[in-house]
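These are my notebook entries on a single chain. I record what I looked up, entry by entry.

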Amino acid sequence: MTDIRYALLDPTGNITVLVETPVPVPSQPSVAARLMEAEPGAEQVGFLTLGDNMSGIRLRMAGGEFCGNAAMSAAALCAMDRKMSGGTLCVSVSGAADPVKVDVRALEDGSVRGTVRMPRPVSVGGERFPDGSVRPVVRFDGISHVVAESGLSKAEAESVIAEWCRFLRADAVGIMLLDRVTGTLSPLVYVPAAGTMCWERSCASGTTAVGAYLTAEAGGGPVSLTLREPGGCLTIETDPAGELLLTGTVRLLARRSARIE
């Protein structure tokens, strides 16, 4: 049995477990499954490695996918430990070819406001699915998102997401149910390597996918919007250089340990 130390964080309701004890990659999915059982409110698990003096932050998600909220959480946790009032941290995240920069700012209530310079999508465009529908797909290195504005209920999304993941040949897939009129987003994420399908309280990469899709729809023009998601609001905007900036807030809920074989 091994004592696994971890932090439980809340990035806009998308409850995230960050494991601080070194765990070999082959064992990570099983350890993640045990921690998800121990923390039933958690939606995802990542494995965190800090370099000497916390100079480098590396994060591998349990399924090897990319997760913007987890990257923001890793930077926020490091900022809290270092008692930083503000600054920029770089996080190397699974599913992202290059380190992700996160601007952090400590808030009076002890939480951290984070702005992640999200990876740019590999492609944005309409794709025809096996059911004959053509839907916008935003592909990132570690996850692909389908933006669905109409014609898909939550039950239907759950029934097709595994098939769509295989069809898209993606490491992980999100179906983003977007209501542009009300500015709301319901994110469903499927990660086959971790064996998880979850209606997330918020989804950073999915929110970014919506921003990239609307930017492409506007012919590359700047976009700035705040989406209300079940766990709260995330803001996505494009800067003049075309970078996608995702902003949210992270709270540290607890630091715990669990005995796992």
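I call a residue buried under 20% relative accessible area, exposed over 50%, and partly exposed in between, with a 1.4 Å probe and protein chains only. The model is a predicted one, in which local features need pLDDT of at least 70 and side-chain atom pairs count only at pLDDT 80 or more, while totals for chains, interfaces and linings use all residues. Residues are numbered from 1 along each chain as its sequence is written, and side-chain values use heavy atoms, with hydrogens and water left out.

**Entry 1: Pro121**

I looked up Pro121 and found a relative accessibility of 23%, which means that it counts as partly exposed. Helices (H or I, at least four residues) and strands (E, at least two) are taken as DSSP runs, numbered from the N terminus. On that basis Pro121 sits in the loop that lies between strand 7 (112–118) and strand 8 (123–128).

Which residues is Pro121 in contact with, leaving aside its neighbours within four places in sequence? With contact taken as heavy atoms within 4.5 Å, I list Val138, Arg139, Phe140, Ala212 and Leu244. I also noted Asp141, which is 20 residues from Pro121 in sequence and 7.4 Å from it in space, C-alpha to C-alpha.

**Entry 2**

I turned to strand 2 (residues 16–19) and asked what lies on each face. In a regular strand the side chains alternate between the two faces of the sheet. Here Thr16 and Leu18 on one side are buried, as are Val17 and Val19 on the other, and both faces are covered.

Two strands are counted as paired if DSSP finds at least two bridges between them. Strand 1 (residues 2–11) runs antiparallel to strand 2, and four bridges join them. Leu9 has Thr16 as its bridge partner. The hairpin of these strands has four residues between them, and there Thr12 takes a positive phi near 55°.

Strand 3 (residues 44–50) runs parallel to strand 2, again with four bridges. Gly46 in strand 3 stands opposite Leu18. Together with helix 1 (residues 28–38), strand 2 and strand 3 make a right-handed β-α-β unit. Right-handed here means that, with the strands pointing away from the viewer, the path from the first strand over the helix to the second runs clockwise.

**Entry 3: salt bridges**

I searched the whole structure for salt bridges, each being a side-chain nitrogen of Lys or Arg within 4 Å of a carboxyl oxygen of Asp or Glu. The search finds nine.

One of them joins the side chains of Asp3 and Arg259 at 3.1 Å, N to O. Asp3 belongs to strand 1 and Arg259 to strand 16 (residues 244–260), so this pair ties together parts that are 256 residues apart in sequence. Arg259 is exposed because its relative accessible area is 53%, whereas Asp3, at 40%, counts as partly exposed.

Arg255 and Glu20 form another, their closest N and O atoms being 3.0 Å apart. Arg255 is in strand 16 and Glu20 in the loop between strand 2 and helix 1, so the pair ties together parts that are 235 residues apart in sequence.

I then examined Glu127 and Arg139, whose side chains meet in a salt bridge of 3.1 Å, N to O. Glu127 lies in strand 8 and Arg139 in strand 9 (134–139). Shared partners also link salt bridges into one network of Glu20, Asp81 and Arg255.

**Entry 4: helix 3**

Val160 is one of the buried residues of helix 3, with Ala157, Ile161, Trp164, Cys165 and Leu168. The strands that these buried residues pack against include strand 8, strand 9 and strand 10 (144–148). Arg169 follows the helix with a positive phi near 55°.

**Entry 5: helix 4**

Helix 4 (residues 204–217) reaches 20 Å from its first C-alpha to its last, close to the 20 Å expected for its 14 residues. Twelve of the 14 are buried, so helix 4 is largely enclosed by the rest of the structure. Among the buried residues are Gly206, Val210, Ala212 and Tyr213. Gly219 follows helix 4, and its phi is positive, near 75°.

Notes. Expected span 1.5 Å × (residues − 1).
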